[in-house]
Amino acid sequence: MNTVMTRVSPCFIADYGLICALGEGKTAVAAALSRWQESGISPLDGERQPLSDGRLTPVGRVKGALPSVPQALSAYDSRNNRLLLAALAQIRPGLDALMARLAPDRIAIVLGTSTSGIAEAERAVAAWQGGEGIPAGFDYRQQELGSPSDFLARHLALTGPAYTLSTACSSSARAFISGQRLLAAGLADAVIVGGVDSLCGLTLNGFDSLESLSLSRCRPFGAERCGINIGEGAALFLLTRERAGLALLGAGESSDAWHVSAPHPEGLGAEAAMRMALRQGGVTPGELDYINLHGTATRLNDEMESLALARLFGAAQSAPASSSKMLTGHTLGAAGAIEAAICCLLLAREMAPPRQGEAQDPALAPIRLARGEAPARPLARVLSNSFAFGGNNVSLLLGRVPAREKGASHE
């Protein structure tokens with residue numbers, strides 16, 4: 001197992017925006033999270049999409065109209081990039097203020113995705129196979145993995161570093177680490193980080209072929225868990241060195257190099273990533289207030305993640321833990337950023353963490369799952385996990401910055 005450790009200063013979250021199956025924007029998503037605590041009803045209870053053989057599977061689809069891609073950038077017109085524009089609109093005031101005082105080459109973009117515009121490519125191939133030819137509106141740039149950051153840089157006329165990461169389900173969590181390093185190295189004064197992914201047949205049927213897709217709502221850490229639900233969405237963050245109310249306190253990453261699609265059975269890489277994030281932030285496990293679990297509801301993921309947590313905390317885990325994927329679906333490359341945004345909502349609005357609806361599988365290593373109880377203290381530090389195919393593991397340590405420290409020098 002290989003690990004990477006670079007000690008850098010915390011970077012601060014000037015603003016963030018998100019869109020997912022729970023809604024569009026901070027207020028809508030926070031309201032949906034509150035309703036979940038009361039009712040347990042999530043969007044995955046209703047929306048279903050057919051697989052190639054006609055079976056139906058729950059999906060976390062974004063509802064409602066999305067912004068249009070400008071005509072000048074029509075070659076990039078995809079649902080993926082429209083989701084990106086919806087998240088961008090939420091941070092635009094803060095971004096415009098930064099763009100007014102920073103040169104275009106001093107603002108970087110690092111995004112994560114798994115699918116990009118594959119859905120548009122699927123329709124184009126289907127039309128071609130049906131004898132209709134490639135649709136006039138299709139352009140290969142819609143499906144390129146680099147499309148999100150390339151599109152966003154062109155749309156905003158930014159000339160700083162701009163690239164897209166695709167490390168499966170840790171992609172957008174890893175974007176935070178790259179953004180953190182660009183700031184620390186002085187290569188940028190602000191970084192737009194985040195991720196986006198949209199529903200498509202490739203991922204639905206691909207996970208089904210791996211026998212990892214559930215045909216009912218997923219049950220993270222439950223005895224009856226049988227696989228994941230797929231979702232879609234986007235989240236964007238403005239990272240700067242200037243103090244703000246929320247911060248990326250630390251980050252950890254590791255590579256299991258164990259199997260192309262299965263995690264290390266003992267969760268060694270997951271544990272290493274969590275420990276690294278805590279060390280970088282100078283935080284002990286006992287100082288955490290909540291853990292957003294990767295929690296895919298597959299047999300192997302939940303088994304290894306519970307083992308890793310049990311070793312990290314021993315018998316003294318005080319922070320409740322849960323997986324928000326039972327509400328949003330697994331948004332693949334966007335999952336790390338969307339779940340980081342949910343964690344920021346919990347921190348900023350002092351909300352109770354999403355409760356875990358299922359009783360824990362007694363065969364798993366015991367961990368403390370959130371049951372909807374009010375936090376013992378206002379959330380100040382949370383850990384968010386993203387563990388991906390190929391053993392790509394990322395943990396992000398997010399926290400509130402005390403008001404008295406705002407504006408103080410960090411050096």
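1. Glu-242 is partly exposed, at a relative accessible area of 43%; here buried means under 20% relative accessible area, exposed over 50%, and partly exposed in between, with a 1.4 Å probe and protein chains only. The model is a predicted one, in which local features need pLDDT of at least 70 and side-chain atom pairs count only at pLDDT 80 or more, while totals for chains, interfaces and linings use all residues. Residues are numbered from 1 along each chain as its sequence is written, and side-chain values use heavy atoms, with hydrogens and water left out.

2. The side chain of Glu-242 meets that of Arg-101 in a salt bridge of 3.0 Å, N to O. The term stands for a side-chain nitrogen of Lys or Arg within 4 Å of a carboxyl oxygen of Asp or Glu. Arg-101 belongs to helix H2 (residues 79–101) and Glu-242 to the loop between strand E10 (233–240) and strand E11 (246–255), so the pair ties together parts that are 141 residues apart in sequence. Helices (H or I, at least four residues) and strands (E, at least two) are DSSP runs, numbered from the N terminus. The structure holds 24 salt bridges.

3. Within helix H7 (residues 268–281), Glu-271 and Arg-275 are 4 residues apart, which means a separation of about one helical turn. Their side chains form a salt bridge of 3.0 Å, N to O. Glu-271 is buried, with a relative accessible area of 11%, whereas Arg-275 is partly exposed at 32%.

4. Asp-289 and Arg-377 form another salt bridge, with the closest N and O atoms 2.4 Å apart. This pair links distant parts of the chain: Asp-289 is in the loop between H7 and strand E12 (290–292), and Arg-377 is in the loop between H10 and E14, 88 residues apart. Asp-289 is buried at 8% relative accessible area, and Arg-377 is partly exposed at 42%.

5. Gln-360 is found in the loop between helix H10 (335–349) and strand E14 (381–388). With a relative accessible area of 19%, Gln-360 is buried. A polar atom of its side chain lies 2.8 Å from the backbone oxygen of Ala-365. Leaving aside residues up to four places away in sequence, Gln-360 touches Phe-221, Ala-365, Pro-366, Ile-367, Leu-369 and Arg-371; contact means heavy atoms within 4.5 Å.

6. Lys-325 is placed in helix H9 (residues 325–328) and, at 1% relative accessibility, counts as buried. Its side chain is joined to that of Glu-339 by a polar contact of 2.7 Å. A polar contact is a pair of N or O atoms within 3.5 Å; within protein, one must be able to donate a hydrogen and the other to accept it, and residues adjacent in sequence count only if both atoms are side-chain atoms. Among the residues that Lys-325 touches, not counting those up to four places away in sequence, are Leu-44, Cys-218, His-294, Thr-296 and His-330.

7. Strand E14 has 7 of its 8 residues buried, so it is largely enclosed by the rest of the structure. E14 runs parallel to E12, to which 3 bridges join it; Asn-292 stands opposite Ser-384 in E14. With strand E15 (residues 392–400), E14 pairs in the antiparallel sense over 8 bridges, and Val-382 stands opposite Leu-398 in E15. Two strands pair if DSSP finds at least two bridges between them. The hairpin of E14 and E15 has 3 residues between the strands, and Gly-390 there takes a positive phi near 75 degrees.

8. An open sheet of 3 strands has the order E4-E5-E9 and mixed pairing. Strand E4 (48–50) and strand E9 (230–231) stand at the edges with a single partner strand each, so one side of each is left without a neighbour in the sheet. Strand E5 (residues 56–60) and E9 run parallel and are joined by 2 bridges. The bridge partner of Gly-60 in E9 is Gly-231.

9. Trp-128 is found in helix H3 (residues 118–129) and counts as exposed, at 55% relative accessibility.
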